[in-house]
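Subject: Structure handover

Hello,

Here is the structure for your files. My notes on what was found follow below it.

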Amino acid sequence: MTERLYYTDSYLKDFDAFVVERADDGRRIYLDRTAFYPTSGGQRFDTGRLGGIEVTDVVDEGERIAHVLASPLPDGPAVGQVDWSRRFDHMQQHTGQHLLSAVLADLFGYQTIAVHFGQETSTLDLETSKLTQDQVEQAEERTNQIVVENRAVEMSFEDAESAAGLRKPSDRGGTLRLITIRDIDRSACGGTHVRATGEIGAVLIRKGERVRKGIRLEFLCGGRAIRRARADHELLVQLASGFTCSAQELPQLVEAQRRELKEATSARRELQAALDLCRARELYLGAAPDAAGIRKVVVRETGEPLEALRGLAQAYASMRMAIFVGTATTPPGVVLAASPDAGVDAAGLLKGLLATVGGRGGGSATLAQGIVPGRPQLEAVVASLRA
């Protein structure tokens, strides 16, 4: 059994221990006691050094804890050194989550049903189908008020049968490790925590989204919140500089440009449609009708995607007794359009030809398109369509 030193002292950075078992040629180490926290309860594992060797993973195996190292460690005594910056970051996120969950339960009655602590951000899932932006802001403001109050965060051990006032009932028996934030929260937890809410630092709720029947909130605490706020500020400054305006003017300016872009896109589409129709008429008039009175043209495009020919194909097929064949090379593909009176099922005809050369495609009776493996197959399909 491994003695878990972090249970009683989350601030312990250095410790002495003895190697009691080795596996994987000395890269998986078991100690008589450890301050390294293993991945558990949504919280990520600690890193650091053991006997001067990098700790790459810490695994909870029930009664004991495995330390995965970058290189072998011999038997005997070993000095452990926990990466404090990583540990304290985890302490800020975990205690911040307890506080935020307690505030959400206290203000709105929303219970936290799942938690995940990521490398960059953390999330908690709430047992509610709706959370308004106003509620998010209220919860964030109240959480930060309690942070400033620097309330005590205390750890204790109590029997599960007598432990009262827990925010979430525990399904574990025996002795529970409890984390209490004065006058707001009391939870069973085996994670590492700060001593007072002031050490959590700023709490920032980034976003909320629907997940299944609940709401997932993304949040950051302490140093993470400051770094993200700084990154957001720098992004706003960069955008504002590009638009030659202040950050406060960005929403109005972006909305105005969005409307302008929408109008310009609509105008471009109308112009492209007019151009396609003009070009289609020119092609139609230049094509001699065959014995059945059908005017067929083949248009080849290089360097343009097949989609660029769809408008021209549709415009050409809007005329009487017309068949349009268009090809593109990036990737090799063909589009076939036929006027309703041409007596051709574009999709049926093209699908059959594509199948013979290993291509694929589809469409409707008047407009179809597909791609082929290469240029030889493309030429074979075009030759059949010309016939």
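Helices α1 and α2 pack with their axes 9 Å apart, at an angle of about 125°. That angle makes α1 oblique to α2. Their crossing is right-handed. Please keep in mind that this is a predicted model.

The contact between the two helices involves several residues from each. From α1 come Leu-99, Leu-100, Val-103, Leu-104, Leu-107 and Phe-108. They meet Gln-135, Gln-138, Ala-139, Arg-142, Thr-143, Ile-146 and Val-147 in α2.

Both helices also lie across strands. α1 (residues 84–108) lies across β9, β10, β14 and β15, and runs at about 135° to β15. α2 (residues 133–149) lies across β14 and β15, running at about 145° to β14.

**The sheet**

Those strands form an open sheet of four, in the order β9-β10-β15-β14, with antiparallel pairing. At the edges are β9 (112–117) and β14 (203–211), each of which pairs on one side only. From one strand to the next the twist averages 20°.

How covered is β15? Seven of its eight residues are buried, so to that extent the strand is mostly covered, where buried means under 20% relative accessible area.

On one side, β15 (residues 214–221) pairs with β14 over eight bridges, in the antiparallel sense. Arg-216 in β15 is the bridge partner of Glu-209, and Glu-218 in β15 stands opposite Lys-207. β15 also pairs with β10 (122–126); that pairing is antiparallel and has five bridges. Here Glu-218 is the bridge partner of Thr-123.

β14 and β15 form a hairpin with two residues between the strands. In this hairpin Arg-212 takes a positive phi near 55°.

Helix α4 covers residues 250–286, which is 37 residues. From its first C-alpha to its last it reaches 52 Å, close to the 54 Å expected at 1.5 Å a residue.

Which residues of α4 are buried? They are Leu-250, Asp-276, Ala-280 and Tyr-284.

Regards

Methods:
Residues are numbered from 1 along each chain as its sequence is written. This is a predicted model: local features need pLDDT of at least 70, side-chain atom pairs count only at pLDDT 80 or more; totals for chains, interfaces and linings use all residues. Side-chain values use heavy atoms; hydrogens and water are left out. The expected span of a helix is 1.5 Å times one less than its number of residues. Buried means under 20% relative accessible area, exposed over 50%, partly exposed in between (1.4 Å probe, protein chains only). Two strands pair if DSSP finds at least two bridges between them. Axes are lines fitted to C-alpha atoms, for helices over the stretch in contact, and angles run from 0 to 180 degrees between N-to-C directions. Contact means heavy atoms within 4.5 Å. Angles under 35 degrees count as roughly parallel, over 145 as roughly antiparallel, 65 to 115 as roughly perpendicular and the rest as oblique. A crossing is left-handed if the near helix is turned anticlockwise from the far one by less than a right angle, and right-handed if clockwise.
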